[in-house]
Amino acid sequence: NNLWIFQFERSPMPIRVRTALAARIARIDHQRYNEAVADDLYPCAPLTMKGSSRIFDSDDLLGLFIYGRLTTMGLPPRHAGRLACEAKGTLERNSEEERIVYVRSEADLHAMIPGSQYDPDHEKKGRGYRGLGRIVFTIEFYVDTIRDIIAKAIEDEQSILGEED
């Protein structure tokens, strides 16, 4: 009784999956995700009406997957949720990007930058990064790889027939 509609570059139909499947695809605990949403730790969850299932599209799945990786790295859910939502927003505005780069500065400022707009050699040129100052660290998210992982997970789910036990 799953809702299946899928679209990344390989499929002609748009993605639409319910929360339980989205959590499996993102490799996160379904219950902990629901708790994070209820506690407003993941503010970009798809909206839903009371009594209705939360439905995830492709951008929602990308954000959720990034959230899962950030929490796996040990970030508290509140920080992981905020960063994942920033990544999701960056990807919604720059849908063709193959990667996005999270940068954190010496002044504790941060930004999520489309990969095509990020200059990794700015420090070598002896200058800080646009409005942020000197960058202390970066995390790169390879969006095409994440899309492939999600596509494979959905393909695997679709190959399993029958109701849940």
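Helices α1 and α5 pack against each other at an angle of about 125°. Their axes lie 9 Å apart. The model is a predicted one. Angles over 145 degrees would count as roughly antiparallel, and 65 to 115 as roughly perpendicular. The pair is therefore oblique. The crossing of α1 and α5 is right-handed.

Which residues make this contact? From α1 come L21, R24 and I25. From α5 come I150, A153, I154 and E157. By class, 5 of the residues in this contact are nonpolar and 2 are charged. None is polar.

The largest nonpolar core holds 39 residues. Within this core, Y42, L64, I66 and F141 have the most contacts. Several elements give two or more residues to the core. The helices among them are α1 (19-26), α2 (30-38), α3 (58-72), α4 (77-93) and α5 (143-158). The strands are β3 (99-105) and β5 (135-142). So α1 and α5, the oblique pair, also both contribute to this core. The largest share comes from α3, with 7 residues.

Now take F141, one of the core residues with the most contacts. What does F141 touch, leaving aside its neighbours within four places in sequence? Its partners are I66, L70, E98, R99, I100, Y102, M112 and I146. One of these, I66, is itself among the residues with the most contacts inside the core.

A separate core lies apart from the largest one. This other core has 7 residues, including V101, I113, Y129 and L132.

Conventions:
Residues are numbered from 1 along each chain as its sequence is written. This is a predicted model: local features need pLDDT of at least 70, side-chain atom pairs count only at pLDDT 80 or more; totals for chains, interfaces and linings use all residues. Side-chain values use heavy atoms; hydrogens and water are left out. A nonpolar core is a set of buried Ala, Val, Leu, Ile, Met, Phe, Trp, Tyr and Cys residues joined through side-chain atoms within 4.5 Å. Buried means under 20% relative accessible area, exposed over 50%, partly exposed in between (1.4 Å probe, protein chains only). Helices (H or I, at least four residues) and strands (E, at least two) are DSSP runs, numbered from the N terminus. Contact means heavy atoms within 4.5 Å. Axes are lines fitted to C-alpha atoms, for helices over the stretch in contact, and angles run from 0 to 180 degrees between N-to-C directions. Angles under 35 degrees count as roughly parallel, over 145 as roughly antiparallel, 65 to 115 as roughly perpendicular and the rest as oblique. A crossing is left-handed if the near helix is turned anticlockwise from the far one by less than a right angle, and right-handed if clockwise. Ala, Val, Leu, Ile, Met, Phe, Trp, Tyr, Cys and Pro count as nonpolar, Asp, Glu, Lys and Arg as charged, and the others, Gly among them, as polar.
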